[in-house]
Amino acid sequence: MFNQYRKVYLSSLFYGVTTCVLMGCNGANINTESTNLTVSQPAKQTIHINQLGYFATGEKGAIIPATKETAFRLQNSAGETVFEGTLSESRGWPAQGPNEFKFADFSAFTVPGNYVLTVEGIGKSGPIYIDSDANRRAHKAALKYYYFNRAGMALTEAYAGKFKRPAGHPDTQVIVHPSAASASQPALSTISSPKGWYDAGDYGKYTVNASISTYTLLAAYADNPEFYSNLSVGIPESNNGLPDIVDELIWNLEWLHTMQNDDGAVYHKLTTLQWPGKDMPDADTADRYVIGLSTSAALDYAATLAAASRILRPLFSDNPQQLDTWLASAKKAWNWAIANPNYVYQQPSDVSSGEYGDSDFSDEFAWAGAELFLATEDRSYLLPFKQYRQSLKEPDWANVAALGYFSLIREGQQLLADNEYSEIQTQLIAYADASIQIYQANGYGVAMNSEDFVWGSNAVVLNKAIMLLHAFHLTGQEKYRQVALGNLNFVLGRNPTGYSFLTGFGELTPQHPHHRISAGDQIDKPLPGMLVGGPQPGQQDNCKYAQNYAASSYLDDWCSYSTNEVTINWNAPLVYVLGSVLAQEQADKP
Ligand code: G3I
Ligand code: 9MR
């Protein structure tokens, strides 16, 4: 067996670059170095696979339309059969429509290379790569997305290549909307609130969504500091001695810090009053406002700045002043939230930018309390976390309790009583066990139920993968990692739409994301490394969809802002998942 694999490995190395030509796989040249994309769009495949590259030691499988055939085979670029397997029984999954399918599992085949999967009577798959390097390039591009979406900075050719652009949105004269006025900062006065990342396809900067996004990248770094210490994505700060992911985070943290008023309250968002047109940043010159205050903004701000003040401290041991300031601001925001525990953001009648509305703040109190407890070791902060009674679910912008679990697991062992710490672990592992059941029950290779397909479903898939990776690291049990990788395979092409949802990475990828920069830059291809929202049946944009099922209601069109937009909180879990798996692989290398 080993010899056979070895032989295949060598031949795949030999044929490597010419594989597509040999197999006539439609010439998709996945040149993933972020600024130079040449991806052609082939016809949709009937066999759905991860189009980027499976991890050698991970779950690997394809979805095949139902057939009477029971076998499949994998062939290398020389046409040699390297693996034969048995298809699953035909089965259905209402989330993807009425048609039955079979699952072809080749997880047992672990030799890196380029292959094609064949089922008699059905045909051949597109190219199947077993390849960590492709994942490495995708990870870098997903992280570089944040540079490409920086507000207030000109992107130069040296770092952005053909995607260079002039600066827009300096945000040094931001108007205080009446909904955000306070005694010290009256309506129509101005504040300076520069830097930060654009939220999404729009140019807004939203405290709630910036917080979970920033935290998720902070966690990627905190959980894998060695891996990130050597990872360069080519940004202006690349040679300043800090990891690039940290430089990128600081760009947003410095903005976030400006979103507090003198009372400790935190502005809910910074946007124009109406949605911008399809303008590039420098052409969108409408007035920008800080709008509204909210308990959720205050608590998410407190949590994120407290986490940053801890996680980045080892890098700033000589000059911790900025981190101290962030922690002080976090405490002030917490105190404001304690005094204003039910301050719900209300969209003013003259405003139409995104809402990020929420009225249940128990999870925000739990998260912020956990972060401040870890930062100060003051147990009084932990109370809301201990009182949080809702069942644990994967994080999203409106439900952030899990983020507190992640931090307490990472940094709380010495500070918590044994039973407190093990209770946190138990809840997380119970969640992961339930995910495995969901994965097994639908047979599609993803831990998702129909109702999980909401606006931004791809981030739901990946935040579930983060939960599973935590369970893997806590227990060392491979089964959790395997299901996490199943979820990754789903967003990278093994899903009912046949799209790899990461721009620039795969045979069939989104070409028309709801992203103003990509729509306005006069470059054919969208910016690379952006994860679109993904299928969900709400169709809130009223575009014309070909499918209405939960996991297939997706449209690659500008029109479809409810399935084809991109945002910072959707890319972040992709960075986390890829980073975590790659870091583990690197650490396991002899
Ligand atoms: O939570 C409920 C769930 O209980 C229910 O079963 C389900 C059924 O529809 O809906 C769920 O609520 C959805 C909510 O997102 C949480 O997923 C709402 O229907 C849905 O309308 C809402 O969408 C949000 C969208 O803004 C519209 O408000 C997205 O989460 C959010 O990511 C998106 O954020 C926008 C910003 O406002 C502006 N910038 C772009 C960004 C991305 O599109
Ligand atoms: O472009 C907007 C996008 O960033 C938001 O996520 C989305 C949801 O609120 O709204 C988009 O703006 C649309 C608006 O809601 C309705 N008219 C069309 C706008 C897009 O062209």
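Which residues point one way from strand 5, and which the other way? Gly113, Tyr115, Leu117 and Val119 point one way, Asn114, Val116 and Thr118 point the other way, and all are buried (buried means under 20% relative accessible area, exposed over 50%, partly exposed in between, with a 1.4 Å probe and protein chains only). This is a predicted model, in which local features need pLDDT of at least 70 and side-chain atom pairs count only at pLDDT 80 or more, while totals for chains, interfaces and linings use all residues. Residues are numbered from 1 along each chain as its sequence is written, chains are lettered from A and ligands numbered from 1 in the order in which they are written, and side-chain values use heavy atoms, with hydrogens and water left out.

- Strand 2 and strand 5 run antiparallel and are joined by 4 bridges, with glutamine 75 opposite valine 116 in strand 5; two strands pair if DSSP finds at least two bridges between them.
- Strand 7 (residues 128–130) also runs antiparallel to strand 5, with 3 bridges between them, and here tyrosine 115 faces isoleucine 128.
- Strand 6 (residues 123–124) is joined to strand 5 by 2 bridges, again antiparallel, and valine 119 stands opposite glycine 123.
- Strands 5 and 6 make a hairpin with 3 residues between them, and glycine 121 in the turn has a positive phi of about 85°.
- Strand 2 (residues 71–76) has 5 bridges to strand 3 (residues 81–86), in the antiparallel sense, and phenylalanine 72 has glycine 85 as its bridge partner in strand 3.
- Strands 2 and 3 form a hairpin with 4 residues between them, where glycine 79 in the turn has a positive phi of about 85°.

- An open sheet of 5 strands runs in the order 9-8-12-11-10, with mixed pairing.
- Strand 9 (190–191) and strand 10 (205–206) are the edges, each with a single partner strand, so one side of each has no neighbour in the sheet.
- Strand 8 (residues 174–176) pairs with strand 12 (residues 289–293) in the parallel sense over 2 bridges, and valine 176 stands opposite valine 290.

**Salt bridges**

- The count comes to 23 salt bridges, each a side-chain nitrogen of Lys or Arg within 4 Å of a carboxyl oxygen of Asp or Glu.
- Side chains of opposite charge can pair when their charged atoms come close.
- Arginine 288 and aspartate 171 meet in a salt bridge with an N to O distance of 2.9 Å.
- This pair links distant parts of the chain, 117 residues apart: arginine 288 is in the loop between strand 11 (267–271) and strand 12, and aspartate 171 is in the loop between helix 4 (157–160) and strand 8.
- Both arginine 288 and aspartate 171 are buried.
- Arginine 379 and glutamate 420 form a salt bridge, their closest N and O atoms being 2.5 Å apart.
- Arginine 379 lies in the loop between helix 10 (362–376) and helix 11 (383–387) and glutamate 420 in helix 13 (residues 418–442), so the pair ties together parts 41 residues apart in sequence.
- Arginine 379 is partly exposed at 41% relative accessibility, whereas glutamate 420 is buried at 12%.
- Lysine 164 and glutamate 157 are bridged at 3.5 Å, N to O; lysine 164 is partly exposed at 46% and glutamate 157 exposed at 53%.
- A network of salt bridges links Asp223, Arg310, Glu371, Arg410 and Glu411.

**Ligand 1**

- Of the 15 residues around ligand 1, Asp199, Asp202, Trp397, Trp455 and Glu565 come nearest; a residue is near a molecule or strand if one of its heavy atoms lies within 4 Å of it.
- Oxygen atoms of ligand 1 lie 3.0 Å from a polar side-chain atom of tryptophan 397, 3.0 Å from one of tryptophan 455 and 3.3 Å from one of tyrosine 356.
- On its own ligand 1 exposes 780 Å², and the protein buries 56% of that (Shrake-Rupley method, 1.4 Å probe).

**Ligand 2**

- Polar side-chain atoms lie 2.6 Å from a ligand 2 oxygen for glutamate 565, 2.8 Å for arginine 516 and 3.4 Å for tryptophan 275.
- The protein covers 63% of the 450 Å² of accessible area that ligand 2 has on its own.

How values were computed. A polar contact is a pair of N or O atoms within 3.5 Å; within protein, one must be able to donate a hydrogen and the other to accept it, and residues adjacent in sequence count only if both atoms are side-chain atoms.
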